Amino acid sequence: MKKNISRKTFLNQVSTIGAAAILSPIALQAAPVINNKQNNKKIKVGIIGCGSVSNMYLPHLSKSPYVELVSTCDIKPDRGKSQAEKYKIPNQYDHIDKMIAGAPFDLLVNLTNMQEHYALNKKAIQAGKHVWSEKPLANTYKQGIELLTLSKQKGTRLWGAPAVVNSPQFAFMSKAIQEGRLGKIAGVHGHYGHEGPEWSAFFYEELGGSMPDLAVYNLATITGLIGPVKSVSAMLNVITPTRNTGDKGSIKVVAEDNSMILMEHYSGTLSHVQSGFNYFDPYGHAGKGQDRPTISMWGKEGNMHLIGYDWAPAGVDMATRDHEETQRFVEDAENFQWQEGASVIAECLATGKEPIINVEHSLHVLEIIEAARESQKIGKRVQLQSKFKYPIIA
Ligand SMILES: NC(=O)c1ccc[n+]([C@@H]2O[C@H](COP(=O)([O-])OP(=O)(O)OC[C@H]3O[C@@H](n4cnc5c(N)ncnc54)[C@H](O)[C@@H]3O)[C@@H](O)[C@H]2O)c1
């Protein structure tokens with residue numbers, strides 16, 4: 001019998017992970033001050049979207065010394081109210097307009113449906129707020145550029161999940177690559193899938209799908225390690241045509257739930273990411289216990305494998321020409337937690353440190369996802385225009 005992971009089961013599983021509030025120093029870099037005026041004060045945070053993932057964000061944010069939780073907002077008002085009560089947040093709203101007009105805040109943390117992000121992020125930026133958005137920060141690359149341009153005009157900052165570049169495993173792999181320990185890297189593979197969320201229909205509706213929900217992690221890690229992508233070829237399809245969802249019952253699946261993305265990097269490396277909502281995975285949605293490689297790369301002088309998921313890393317295996325036996329490194333993820341993004345950003349806004357996460361990288365990943373959709377549609381390779389500052393960690 002098919003076993004879907006319910007939202008409740010998932011939350012029970014992840015609650016065992018715990019919520020260390022002290023942020024990993026690796027997530028921060030000494031760099032130009034973001035906003036002198038805000039140095040060392042608490043950042044007032046408004047949370048929009050009080051569904052599943054808010055149960056991971058709120059415990060983390062509520063322990064941050066740099067955060068003052070000011071308001072919650074959800075179009076399902078009971079959700080905004082119950083999270084506000086649980087985390088002692090003084091204001092709740094049922095619409096972004098009321099939230100913006102209400103108690104003042106500095107940073108919007110957008111945890112709503114993927115299809116809502118662009119419009120809500122835009123309203124917040126227009127109102128002069130900084131934004132941390134769950135992925136994707138917009139539905140198209142063009143929309144993303146529009147948001148970035150607007151935020152620059154308004155003097156605010158914009159960032160998007162995931163936070164995978166903050167892990168010590170990412171730092172180790174990036175340094176190993178930059179030191180040339182693998183030689184010229186020829187091929188990279190990444191995979192991430194499970195049986196699909198069942199609590200909300202938006203994951204399967206237009207502009208949802210497994211790419212912006214799951215592949216996005218591997219895409220961020222692989223581009224972060226190997227550098228920007230020049231062109232994309234992809235095949236996408238739907239394996240499960242109807243789904244039972246918690247909010248809308250039985251629905252027709254419109255967005256891809258199965259994707260194969262092939263990328264040509266400027267460095268000459270060819271990489272590949274596969275993801276989907278139809279992968280039997282004994283580790284489930286929470287990923288706890290995954291001890292196999294999920295990202296692997298091969299160069300002329302060595303190979304390297306990330307153990308566990310990039311959002312829950314458990315080590316790095318490496319074999320090189322001068323040490324042919326595989327060795328395991330960085331088994332400790334220290335304080336890195338995938339849900340730390342908004343807390344790291346609040347810390348950066350408060351202290352003036354520049355985070356490792358940068359919006360140009362998020363926009364590049366968004367362009368890859370859009371190019372994959374286009375490639376599937378036209379049956380051809382699609383050229384990309386965006387780039388980001390590389391390497392992220394040298
Ligand atoms: N659930 C997870 O484990 C998880 C993990 C990482 C990232 N994410 C990402 O987080 C986002 C939310 O996912 P989720 O699983 O929490 O979904 P969810 O359906 O559980 O929660 C989304 C919430 O947003 C609210 N909402 C929708 N439109 C709104 C609007 N216009 N204004 C205010 N509130 C609105 C909904 O009522 C709902 O309560 C997605 O981008 C998803 O990819 C989820």
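Student: Which residues of helix α5 are buried?
Tutor: In this predicted model, helix α5 spans residues 117–126. Its buried residues are His 117, Tyr 118, Leu 120, Asn 121, Ala 124 and Ile 125.

Student: What do the buried residues of α5 pack against?
Tutor: Their partners are the strands β2 (43–48), β5 (107–110), β6 (130–133) and β7 (158–160), together with the helices α4 (96–101) and α6 (141–154).

Student: And which residue takes a positive phi just after α5?
Tutor: Gly 128, with a phi of about 85°.

Student: Switching to the core. How many residues does the largest nonpolar core have?
Tutor: It has 98 residues, and Val 45, Leu 107 and Ala 346 have the most contacts inside it. Helix α8 (residues 210–226) gives the most to this core, with 10 residues. Domain 1 (7–160) and domain 2 (165–336 + 356–383) each supply at least three residues to this core.

Student: What does Ala 346 touch?
Tutor: Leaving out residues up to four places away in sequence, Ala 346 touches Ile 43, Val 45, Ser 64, Tyr 66, Val 67 and Leu 107.

Student: What does the second, separate core include?
Tutor: That core has 7 residues, among them Met 114, Phe 203, Val 253 and Ala 255.

Student: Now the ligand. Which residues come nearest?
Tutor: Gly 49, Gly 51, Ser 52, Val 53 and Ser 200, out of 23 residues around the ligand.

Student: How does the shell split by class?
Tutor: There are 10 nonpolar, 6 polar and 7 charged residues around the ligand.

Student: Where does the ligand lie relative to the domains?
Tutor: Between domain 1 (7–160) and domain 2 (165–336 + 356–383), because both give residues to the shell around the ligand.

Note on methods
Residues numbered from 1 in each chain as written. Predicted model: local features only at pLDDT ≥ 70, side-chain atom pairs only at ≥ 80, totals over all residues. Near = placed C-beta within 6 Å. Nonpolar A, V, L, I, M, F, W, Y, C, P; charged D, E, K, R; others polar. Domains from an automatic or database assignment. Core = buried A, V, L, I, M, F, W, Y, C linked by C-beta atoms within 7 Å. Buried ≥ 20, exposed ≤ 12 C-beta atoms within 10 Å, placed from the backbone. Helix = DSSP H or I, 4+ residues; strand = E, 2+ residues; numbered from the N terminus. Contact = placed C-beta atoms within 7 Å.
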